[in-house]
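These are my notebook entries on one chain and the two ligands modelled with it.

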Amino acid sequence: MAEKKEKIFQFVIVGGGIAGVTCVEQLTSQIPSADVALITAGPHIKAVTNYKQVSKTLEEFDVEEKPSSVLEEKFPNLTVIHSAVKSVHTETHSVETTDGRVFGYEKLCICSGGRPKLLTQKNPYVLGIRDTDSAQEFQKRLCKAKRIVIVGNGGIALELVYEVEGCEVIWAVKDKAIGNTFFDAGAAQFLIPSLEADKPEVAAPCKRTRYTTEEPAPGASQTFTADRSSRGHGSGPTEPGSALGPDWHEGIALRGAQQVSRRVSVEYQCEVEKILTSEELLNSPQQTLRPESGSWPVYIQLTNGKTFGCDFIVSATGVVPNTEPFLHGNNFSVADDGGLQVDDHMMTSEPDVYAAGDVCTACWEHSPLWQQMRLWTQARQMGWYAGRCMAAEALSEPIELDFCFELFSHITKFFNYKVVLLGKFNGQGLGPDQELLLRCTKGQEYVKAVLSGGRMVGAVLIGETDLEETFENLILNQMDLTPYGEELLNPNIDIEDYFD
Ligand SMILES: Cc1cc2nc3c(=O)[nH]c(=O)nc-3n(C[C@H](O)[C@H](O)[C@H](O)COP(=O)(O)OP(=O)(O)OC[C@H]3O[C@@H](n4cnc5c(N)ncnc54)[C@H](O)[C@@H]3O)c2cc1C
Ligand SMILES: NC(=O)c1ccc[n+]([C@@H]2O[C@H](COP(=O)([O-])OP(=O)(O)OC[C@H]3O[C@@H](n4cnc5c(N)ncnc54)[C@H](O)[C@@H]3O)[C@@H](O)[C@H]2O)c1
């Protein structure tokens with residue numbers, strides 16, 4: 001990079017998402033005199049508002065898109081540069097933006113997030129959802145759509161199948177049950193009736209300590225319809241255009257072109273074989289046409305042998321870290337999932353370069369109860385901790401891995417139920433050495449505790465269980481729960497009194 005540096009900053013942060021903004025806030029509050037630059041591609045920044053520490057590790061907050069001037073007013077030593085980073089030269093400690101400017105840094109933090117990992121980049125009928133623009137594009141297409149296909153079984157798919165109305169949804173999942181990224185088959189069974197609001201749900205407590213579920217046969221499909229007018233909970237659609245946040249869909253009317261309310265058909269244990277235009281389909285020798293086919297702009301062939309015509313396909317198939325501008329000419333270690341590897345000080349393999357949020361992969365030796373998932377919560381925690389690490393390094397102070405990385409914890413909402421995930425909530429990596437305790441009250445709550453060697457190592461809490469703090473404590477203190485046995489989830493016992 002031969003160009004002259006326009007200015008050398010003590011700290012440069014790339015990315016105006018949760019990770020980057022939290023990193024800036026932490027740095028500038030710890031070293032108010034620091035000369036900090038935030039370089040971000042978009043005109044807005046994402047700010048965390050209404051932050052609430054729910055328990056030792058659980059936190060809740062809203063995410064708002066704000067003009068960057070809000071940050072500059074708050075932190076006088078901060079310069080916000082609205083441009084995308086084109087390249088980084090770690091040897092000369094400089095960053096070049098797409099508008100040709102070059103800035104020097106003493107320490108750099110890359111918080112460039114991720115983008116949807118699309119089934120295909122080239123097909124105009126395949127959409128991903130990431131930011132306000134892509135959500136608006138989705139909404140625009142949806143209002144003219146009669147049928148869409150959603151591929152993927154994680155957070156976005158779960159949100160969309162519940163929220164979309166006025167449009168038939170075919171939901172193609174690789175797994176035996178819905179919501180595989182967040183739940184097991186038992187929780188999936190608990191949630192599935194929510195797709196059919198008509199179904200009366202009698203709240204009868206039933207305690208089950210054995211784990212039994214009915215799984216759909218390979219290639220099976222299930223259809224759920226709901227009359228939204230009879231849905232007891234949830235708010236109606238409001239004006240479009242709100243910024244994406246944890247409840248991004250609540251500000252956007254997700255309505256298709258039909259009079260029907262919700263109609264979701266789940267295609268289990270299948271992947272995408274091919275995506276075809278109507279001409280390609282007609283010329284395809286092994287096509288299995290439905291009567292109405294031929295009239296759709298795009299067709300999707302699944303590995304279960306079925307072909308569906310639809311208006312468009314949503315690829316809700318995960319994210320890829322945005323690393324491209326940073327890799328060329330440098331020596332960053334990149335993880336298998338495409339993220340920049342960071343150590344327990346959020347440092348990449350390049351000197352003076354840190355990374356946080358969706359762009360990075362946590363490569364330190366994890367606590368046995370923590371795993372990385374690309375979530376707002378973790379983007380905030382990583383940005384905050386990266387800011388602290390950068391400040392500690394500048395001030396020559398020691399710093400240890402923060403407590404928030406001790407225990408995985410996530411609060412969210414699926415199918416309008418509060419969902420709390422703790423530790424190894426799906427028994428991740430535990431193998432056969434795990435015992436599951438379950439309590440399920442249909443339509444009300446689903447409680448699962450994961451035990452290993454008699455100690456609680458994870459939990460899934462769906463509904464207003466009020467158990468999060470107690471379970472968090474039981475997981476953190478690793479108390480031997482063997483003497484309590486099945487009583488642990490007995491709904492007639494106040495579990496908190498039990499452990500006083
Ligand atoms: C639809 C949807 C719903 C979600 N719901 C939830 C939820 O309910 N709960 C939850 O915990 N998580 C949720 N997530 C995940 C969460 O949004 C992400 O994990 C989190 O936003 C990541 O933050 P980040 O700061 O790392 O990245 P991002 O928010 O992606 O921010 C990256 C920033 O970097 C900028 N940038 C990128 N490249 C460059 C470049 N070359 N130069 C300069 N700037 C650049 C971008 O403009 C952006 O400002 C959801 C995600 C989506 C898409
Ligand atoms: N409430 C929440 O916490 C929430 C809500 C929405 C999104 N998010 C986050 O936003 C990000 C994006 O969401 P997402 O749903 O796209 O990702 P995700 O990682 O949650 O889920 C991706 C899903 O796609 C499936 N998949 C991957 N490749 C596939 C393929 N080729 N064919 C079929 N299925 C495939 C995976 O098995 C997985 O079920 C994630 O980091 C997610 O955690 C979180």
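**Entry 1. Domains.** I took the domain bounds from an automatic or database domain assignment. I worked on a predicted model, in which local features need pLDDT of at least 70 and side-chain atom pairs count only at pLDDT 80 or more, while totals for chains, interfaces and linings use all residues. Residues are numbered from 1 along each chain as its sequence is written, and chains are lettered from A and ligands numbered from 1 in the order in which they are written.

I found the chain divided into domain 1 (7–115 + 319–403), domain 2 (118–176 + 216–315) and domain 3 (409–498). Taken over C-alpha atoms, the centres of domain 1 and domain 3 are 33 Å apart. I then looked up their contacts, counting two residues as in contact if their C-beta atoms, placed from the backbone, lie within 7 Å. On this basis 10 residues of domain 1 are in contact with 13 residues of domain 3. I sorted residues by class: Ala, Val, Leu, Ile, Met, Phe, Trp, Tyr, Cys and Pro count as nonpolar, Asp, Glu, Lys and Arg as charged, and the others, Gly among them, as polar. The side of domain 1 that touches domain 3 has four nonpolar, four polar and two charged residues.

**Entry 2. The chain as a whole.** I counted helices (H or I, at least four residues) and strands (E, at least two) as DSSP runs, numbered from the N terminus. The chain has 10 helices and 28 strands. I called a residue buried if 20 or more other C-beta atoms lie within 10 Å of its own, exposed if 12 or fewer, and partly exposed in between, with C-beta atoms placed from the backbone. Buried residues make up 42% of the 500 residues. Among contacts with a separation of 6 or more, 66% join residues 24 or more positions apart.

**Entry 3. Ligand 1.** I treated a residue as near a ligand if its C-beta atom, placed from the backbone, lies within 6 Å of it. Which residues come nearest to ligand 1? Of the 35 around it, they are G15, G17, G113, G357 and L375. Helix 1 (18–30), strand 2 (36–40), helix 4 (155–163) and helix 8 (376–394) each give two or more residues to this shell. I recorded 17 nonpolar, 14 polar and four charged residues in the shell. Ligand 1 lies between domain 1 and domain 2, because both give residues to its shell.

**Entry 4. Ligand 2.** Ligand 2 has 22 residues around it, and G152, N153, G154, G155 and R374 come nearest. Helix 4 gives the most to this shell, with four residues. By class I noted nine nonpolar, nine polar and four charged residues. Domain 1 and domain 2 both contribute to the shell around ligand 2, so this ligand lies between them.

**Entry 5. Helix 8.** Helix 8 is mostly covered, with 15 of its 19 residues buried. After helix 8 comes S396, whose phi is positive, near 55°.

**Entry 6. Cores.** I defined a nonpolar core as a set of buried Ala, Val, Leu, Ile, Met, Phe, Trp, Tyr and Cys residues joined through C-beta atoms within 7 Å. The largest has 84 residues, and I150 and V161 have the most contacts inside it. This core lies between domain 2 and domain 3, because both give residues to it. Leaving out residues up to four places away in sequence, V161 touches I150, V169, W171, L195 and V264. A second, separate core of 54 residues includes V12, I39, V63 and L340.

**Entry 7. Loop residues.** D35 is in the loop between helix 1 and strand 2. Is D35 buried or partly exposed? With 15 C-beta neighbours inside 10 Å, D35 counts as partly exposed. D35 touches F9, Q10 and N77, residues up to four places away in sequence not being counted.

H93, in the loop between strand 6 (85–89) and strand 7 (94–97), has a positive phi near 55° although it is not glycine. H93 is buried, since 20 other C-beta atoms lie within 10 Å. D352 also is a residue other than glycine with a positive phi, near 65°. With 16 C-beta neighbours inside 10 Å, D352 counts as partly exposed.
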